[in-house]
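Biologist: I would like to learn how to read a model of this kind, from the overall numbers down to single side chains. Please give the general idea each time, then the case at hand.

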Amino acid sequence: MTTTAPRDEQLWSRCDGCASLLYRKRLRRNLDVCPECGSHTRLDAPDRVAQLVDPDSFTPLPDRAVRVDPIDFVDAVPYPHRLGAARAGTGLDEAVLCGTARLGGHPVALAVMDFRFLGGSLGCAVGELITRTAERALADGCPLVLVTASGGARMQEGALSLMQMATVSQALAGLREAGLLTVSVVTDPTYGGVAASFATNTDLVLAESGARLGFAGPRVIRQVTGAALPEGFQTAEYLLRHGQVDMVVPRHALRGRLAAVLAAADAGRRPPVTRPAQASPPRPAAPAPRDAWETVRVARHPGRPTTLDYLETAFDGFVELHGDRLGADCPAIVGGIARLDGRPVMVIGHQKGHTTAELVARNFGMASPAGHRKALRLARLAARLRLPVVTLVDTPGADPGVTAEQQGQAAAIAENILALSVLPTPVVAVVTGEGGSGGALALAVADRVLMLEHAVYSVISPEGCAAILWPDSSAAPQAARALRLTGADLCRLGVVDELVPEPYPAAHGDPVGAAELLGRAVAANLAPLLSVPPATLVRRRRQRFRRFGAARSTATPPVDGPAEVA
């Protein structure tokens with residue numbers, strides 16, 4: 001916003017986004033977001049704290065960082081004079097305001113940067129204050145929330161300012177090792193050394209609408225490369241599409257979104273609550289089992305519920321997290337924090353869609369390497385936060401395209417399988433539609449593997465199998481029968497632990513009923529895993545898959561084997 005008088009004295013502001021003349025009190029009531037175009041103005045640190053935390057809950061850190069001029073830097077003005085002017089102009093000692101508070105009733109350690117103070121630059125005192133805030137979070141056993149606004153490292157402190165990137169990152173590593181949540185809220189602008197350290201190496205990266213984030217600024221990039229920049233380059237929305245941030249949040253929703261993830265992290269650190277098992281609803285009489293090929297066709301029905309459908313109906317409070325943090329956000333994989341039976345869980349699943357446009361946009365549920373890496377990032381985050389993982393598998397297979405191969409599809413799947421094998425938190429997988437080959441297994445290395453009644457799970461599609469082993473793909477129905485890909489077959493083989501019934505005639509006929517049955521089955525299978533020590537979980541999971549070796553007799557009872565299917 002363009003203004004001509006001190007903020008407390010002015011009555012009107014002009015929006016830099018749409019040039020509207022706005023009554024200042026109205027703008028303040030709208031959290032300094034233009035009510036005409038939605039442009040977010042920059043906030044100073046005290047205002048940001050007041051908007052985010054519970055009233056009267058913020059307590060500043062008791063210690064001030066030492067005021068330093070470590071290299072006697074002088075340009076047109078001596079560095080101490082610049083510091084003095086910044087302190088007088090902002091009322092702050094440094095470019096960050098740190099303390100403890102409660103947010104949505106949850107205790108947090110909080111560090112909020114202020115761009116007014118020498119461009120929010122990262123110097124020794126700023127690094128020290130943020131590091132002390134992280135250490136306070138570790139001592140208190142609470143999450144750390146960072147709000148960033150910075151032009152980068154502070155030139156006037158030379159290489160010592162560069163070292164702050166490592167100093168603060170080390171403090172975040174300590175919180176990660178302790179399983180404490182770290183969140184950065186990226187605001188406009190966040191560049192340079194801050195962007196390349198603690199703004200992006202936290203567990204979650206939230207970007208406020210309209211924020212810009214990057215290592216080098218647009219002007220520098222244009223000067224060095226001479227390249228024209230893409231539209232929206234380095235904006236929050238651009239970064240979301242390219243997998244760099246978990247979500248973009250408008251200012252009015254920021255506090256609520258933070259409270260939701262803090263609640264999940266808090267619940268993950270509490271001992272599991274044992275709830276009485278709910279009785280399953282009576283199951284209507286069903287016809288004789290379908291032929292394998294008919295089951296394949298039902299599993300592929302376009303009306304069959306998708307992962308997002310189940311998240312809407314079987315789960316509550318879903319907060320979607322995006323991106324692999326390496327450059328992409330694969331739409332074929334969705335994931336985030338939700339609640340099941342009142343308990344926070346991390347849900348990760350393939351997403352297809354119902355219409356042709358949705359299927360194309362989601363690549364028919366075929367995950368790219370970025371999708372597998374996103375899934376792995378969320379699974380590892382769940383383990384750090386002590387949240388169980390629920391995966392919903394519905395894919396014809398992993399993306400077989402040239403780009404996927406160039407980006408390391410095989411390695412991405414392999415890493416997922418390896419990581420899930422040793423993930424120290426409960427994992428329940430449900431094959432809800434198609435379970436196609438390695439793309440399915442990448443989400444299905446679990447303590448308990450369930451299948452919906454009319455789902456399929458196979459090493460290859462019937463068409464692919466027929467094309468290789470039969471004269472042509474018209475033998476797909478015969479291949480489907482030979483592959484033993486139905487839930488009943490896989491339960492007998494021990495690959496699947498339990499069949500989840502579907503409403504008659506199938507899930508697409510009653511999506512809400514199917515969601516209720518799925519939710520109850522997942523909750524029932526998850527409950528006994530919550531009290532199992534992590535090392536025992538991993539050992540049993542390894543034993544589960546070890547029993548599929550060819551040297552084992554089929555008569556040998558499985559270790560921690562599947563429940564019998566009625």
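Predicted model: local features only at pLDDT ≥ 70, side-chain atom pairs only at ≥ 80, totals over all residues.

Biologist: How many helices and strands does the protein have?

Modeller: Helices (H or I, at least four residues) and strands (E, at least two) are DSSP runs, numbered from the N terminus. Here there are 21 helices and 18 strands.

Biologist: What does the radius of gyration say about the protein?

Modeller: The radius is taken over C-alpha atoms, and the globule rule is 2.2 Å times the number of residues to the power 0.38. For 566 residues the rule puts a compact globule near 24 Å, and the protein has 27 Å, which agrees. The C-alpha trace spans about 85 × 50 × 45 Å along its principal axes.

Biologist: What share of the residues counts as buried, and what share of the contacts is between residues 24 or more positions apart?

Modeller: Buried means under 20% relative accessible area, exposed over 50%, and partly exposed in between (1.4 Å probe, protein chains only). By that rule 51% of the 566 residues are buried. A contact means heavy atoms within 4.5 Å. Of the contacts with a separation of 6 or more, 70% come from residues 24 or more positions apart.

Biologist: Why is helix H10 described as largely enclosed?

Modeller: Helix H10 (residues 292-299) is largely enclosed by the rest of the structure because six of its eight residues are buried. These are Ala292, Trp293, Thr295, Val296, Val298 and Ala299. The cover over them includes strands S15 (427-436) and S17 (456-458), along with helices H17 (462-469) and H18 (476-483).

Biologist: Which residue caps the N-terminal end of H10?

Modeller: Asp291 does, with a side-chain oxygen 3.0 Å from the backbone nitrogen of Trp293.

Biologist: Where is Asp246 found, and which side chains does it join by polar contacts?

Modeller: A polar contact is a pair of N or O atoms within 3.5 Å; within protein, one must be able to donate a hydrogen and the other to accept it, and residues adjacent in sequence count only if both atoms are side-chain atoms. Asp246 is in the loop between helix H8 (236-241) and strand S10 (247-249). Its relative accessible area is 0%, so Asp246 is buried. The side chain of Asp246 has a polar contact of 2.8 Å with that of Arg325 and one of 2.6 Å with that of Arg377. Leaving out residues up to four places away in sequence, Asp246 also touches others, including Asp203, Glu320 and His322.

Biologist: Is Leu392 buried or exposed?

Modeller: Leu392, in strand S14 (residues 389-395), is buried, with a relative accessible area of 0%. Beyond four places in sequence, the residues that Leu392 touches include Tyr310, Ile348, Val430 and Leu518.

Definitions and conventions. Residues numbered from 1 in each chain as written. Heavy atoms only, no water.
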